[in-house]
Amino acid sequence: DLSRGRLTPDQKKRIRDAVKQSGILDEFKEAGLSSLVLSPSEKKRVILYTNRIAQIHPPHKGRKRLPLASVLRPLFILARERAKAGKEPVMENRAAILAASLFAKGADLSLVLGKDAAMALRPKIKPRQVTLSGRHDLTLHFLSSAALALTVGPEQAHRVGLEKELSDSRGGSGFSFVDLAANRAGIQLALTATAFPEEAQMIQIRMGRIKKDTDIMPVTTGLPEGLSESKFIRLFENTESKKFLRISKAIDERIVRCPVYWQ
């Protein structure tokens, strides 16, 4: 509502002031959840899917890693069940993705759900146990970008992901095309899962059958990682160069060949 102009100027100012003072913007900036303002009905759905995470993944002694596919699969099975019962498939998919994103980030649900957070069960598995291609950071990239695509749109999600990698090249972990692939795969899931009711139901069926992470995340063999700013400039010049666009296109082609997105 804030982004679509459905609130009065005074309401917008109060929301922005409250968000700024709470520090939630800084906490969620990297996760792509800074714009997450849920309606009462959305809160109930997110709580429902959060509780499903808590119910289906009790702690197991000795288990250190849990593939993201095994977390998302039961959420979309639930989404499919609810869609069959007459619920809107697009809204169910949206809630499933947002619940997974909040969980993976380890977010304080009270900041997003307010007093309704008391209805949410606390998953016994730790967010860092959930990995994509064996890495928790890729889980964050994937789900954060998916959440951002749902809240402010895919173009902004792409832009934020790219800016993050450019920032990392200036003293962080370095520019990573693997991270970029996870970002784009997450955005692709958000797009296909919430585009139209018919497509949303198709994705529910496909996501309910996934067995491994490569069903939703492409193989990243050969994609450069850890590039410093100077090395990135030497190899690719900038993000508009033919060489950069060529590898970006290759990533997109890998993504659409993943079983869930394959047409």
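In this predicted model, helix H5, which spans residues 89-105, and helix H9, which spans residues 177-194, pack with their axes 8 Å apart and at an angle of about 155°. Because angles over 145 degrees count as roughly antiparallel, H5 and H9 are therefore roughly antiparallel to each other. On the H5 side the contact is formed by Val90, Asn93, Arg94 and Ile97, and on the H9 side by Leu189, Ala190, Ala193 and Thr194.

| Helix | Residues | Residues in the H5 and H9 contact |
|---|---|---|
| H5 | 89-105 | Val90, Asn93, Arg94, Ile97 |
| H9 | 177-194 | Leu189, Ala190, Ala193, Thr194 |

The largest nonpolar core holds 70 residues, of which Leu72, Phe142, Phe175, Phe177, Met207, Ile216 and Tyr261 touch the most other members. H9 gives this core its largest share, ten residues. Phe142, leaving aside its neighbours within four places in sequence, is in contact with Leu68, Leu72, Leu132, Ala182, Ala185, Gly186, Leu189, Ile216 and Tyr261.

As for the protein as a whole, twelve helices and two strands are present, and their order along the sequence follows the pattern α-α-α-β-α-α-α-β-α-α-α-α-α-α. Of the 263 residues in the protein, 46% are buried, while the exposed surface comes to about 13800 Å², with carbon and sulfur atoms supplying 52% of it. Among contacts with a separation of 6 or more, 76% join residues 24 or more positions apart.

Definitions and conventions:
Residues numbered from 1 in each chain as written. Predicted model: local features only at pLDDT ≥ 70, side-chain atom pairs only at ≥ 80, totals over all residues. Heavy atoms only, no water. Axes fitted to C-alpha atoms, helices over the stretch in contact; angles between N-to-C directions. Helix = DSSP H or I, 4+ residues; strand = E, 2+ residues; numbered from the N terminus. Parallel < 35°, antiparallel > 145°, perpendicular 65-115°, else oblique. Contact = heavy atoms within 4.5 Å. Buried < 20%, exposed > 50% of the residue type's maximum accessible area, 1.4 Å probe, protein only. Areas by Shrake-Rupley, 256 points an atom, 1.4 Å probe, with all protein chains shown as cover. Core = buried A, V, L, I, M, F, W, Y, C linked by side-chain atoms within 4.5 Å.
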